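I wanted notes on how this chain is divided and what lies where its parts meet. The entries below follow the order in which I looked things up.

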Amino acid sequence: MRIPKPQVEIVATGRYLPERVLTNFDLEQMVDTTDEWIRERTGIRERRIAEPEMLTAEMGKRAACQAMERAGIHPGEVDVLIVATATPDRWLPATACDMQALLGATNAAAFDVQAACTGFLYALVVAEGYLVAGRGEIALVVSTEKMSAITDWSDRSTCVLFGDGAGAAVLRRANDFRGILSSYLRSDGRLGDLLYRPAGGTKIPLNHHVLDEKEHLLRMEGREVFKAAVRSMAEAADIALQRAGLRAGDVDLLIPHQANVRIIEATAKYAGIPSEKVYVNVDRYGNMSSATLPIALDEALERGRIRMGSNVLLVGFGAGFTWGSMVLRW
Ligand SMILES: CC(C)(COP(=O)(O)OP(=O)(O)OC[C@H]1O[C@@H](n2cnc3c(N)ncnc32)[C@H](O)[C@@H]1OP(=O)(O)O)[C@@H](O)C(=O)NCCC(=O)NCCS
């Protein structure tokens, strides 16, 4: 099959991680769990937690500044700012608008995308379309998540899984062989109640009962999510590769959503990609929802795991359910 010619490329990436580290041993003091249980079931050893006053928009701004500096662009040059987040600072306006003000990206159209942990891939695809349609030259995509703010810290089945962080990417029209080769996005809203926040929106507004019962915080059917994540990410890996005209053996680095090391290993196995070609940082950060992919991408670049000409396969899965994938030629 013919390899498609990329029309948009990622010029540079950046990341921000809060300094505070919460280890499994710290969690042992908070809920009935053990370091051994968490490591065996999830692969997670520690995660970063933002200070209570740290804003989702501010974390995103810090990642974005690093990406823009590396790309050699000023905030005023950004034509569109797309923020993926499941943890907005407030319902109105969009976190992207708050971040726009913090950045001084005054010439941009700014809006949020909500696709939970798959948000970075959704935002990249929207940005690609915006640029290909000729609506602008430079897009800034930021995924920023303060998962600690929607975590029930008394629920051992969820609180051990998540962490905070932000990642960013600067995109522009491609003019050579590097860039986005293919992508694939899917969702199935029938499965929404397997990973969700029951209340706090307009359906069930915040009230004393909601707060007492912690219905404004994240709930999850872990086993069902696990099975769907493996199935969906394997499918997504396969389809993005087909669309890029590539085979599993052509992949230089697989960057899967970092939710659980067992999900990552199963996805890689189904996709036929050996473990040495899989990027893993879930042990250090836990699941940072949509921020996991750009943070992993940024780290992989910094560590020399991605070089000029590398084929990089991104695969994600999250609440909704949403899932997707993208092949990048670096
Ligand atoms: C959450 C997850 C780690 C649980 O692992 P699991 O092997 O499915 O475990 P189960 O939920 O079946 O629970 C097994 C037992 O461990 C217990 N348990 C749950 N959390 C625990 C914890 N932190 N520490 C100790 N025991 C725990 C359960 O209560 C259960 O006990 P029981 O058998 O007495 O009822 C796993 O299902 C998972 O990773 N799911 C996907 C979650 C995810 O990634 N979500 C985000 C996707 S974007």
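Entry 1, domains. I took the domain assignment of the protein chain, which gives domain 1 (8–176) and domain 2 (181–329). I note here that the model is predicted. I looked up the C-alpha centres of domain 1 and domain 2 and found them 14 Å apart.

Entry 2, the contact between domains. I have 43 residues of domain 1 in contact with 42 residues of domain 2. On the side of domain 1 that touches domain 2, the elements giving two or more residues are the strands β1 (8–16), β3 (46–48), β6 (138–146) and β7 (164–173), together with the helices α5 (119–132) and α6. By class I find 20 nonpolar, 15 polar and 8 charged residues on this side of domain 1.

I then turned to the largest nonpolar core, which has 105 residues. The members that touch the most other members are L81, I82, L140, V141, L171, L254 and L313. Helix α8 (residues 222–244) gives the most to this core, with 10 residues. Where does the core lie relative to domain 1 and domain 2? Both domains give residues to this core, so it lies between them.

I left aside the neighbours within four places in sequence and listed the contacts of L81. They are A96, M99, Q100, A105, A108, A110 and L140.

I checked both faces of strand β11 (residues 253–256) and found them covered. L253 and I255 are buried on one side, L254 and P256 on the other. In general, side chains in a regular strand alternate between the two faces of the sheet. Strand β11 pairs with strand β12 (residues 311–318) in the parallel sense, over 4 bridges. For L254 I looked up the bridge partner in β12, and it is L313. Both L254 and L313 are among the core members that touch the most others.

I count 21 residues around the ligand, the closest being T33, R156, G222, F226 and A259. Two or more residues of this shell come from each of α2 (35–42), α6 (156–159), α8 and β12. Which element gives the most to the shell? I find that α8 does, with 5 residues. By class the shell has 11 nonpolar, 7 polar and 3 charged residues. Domain 1 and domain 2 both give residues to the shell around the ligand, so it lies between them.

Notes: Residues numbered from 1 in each chain as written. Predicted model: local features only at pLDDT ≥ 70, side-chain atom pairs only at ≥ 80, totals over all residues. Core = buried A, V, L, I, M, F, W, Y, C linked by C-beta atoms within 7 Å. Buried ≥ 20, exposed ≤ 12 C-beta atoms within 10 Å, placed from the backbone. Domains from an automatic or database assignment. Contact = placed C-beta atoms within 7 Å. Pairing = 2+ DSSP bridges. Near = placed C-beta within 6 Å. Nonpolar A, V, L, I, M, F, W, Y, C, P; charged D, E, K, R; others polar.
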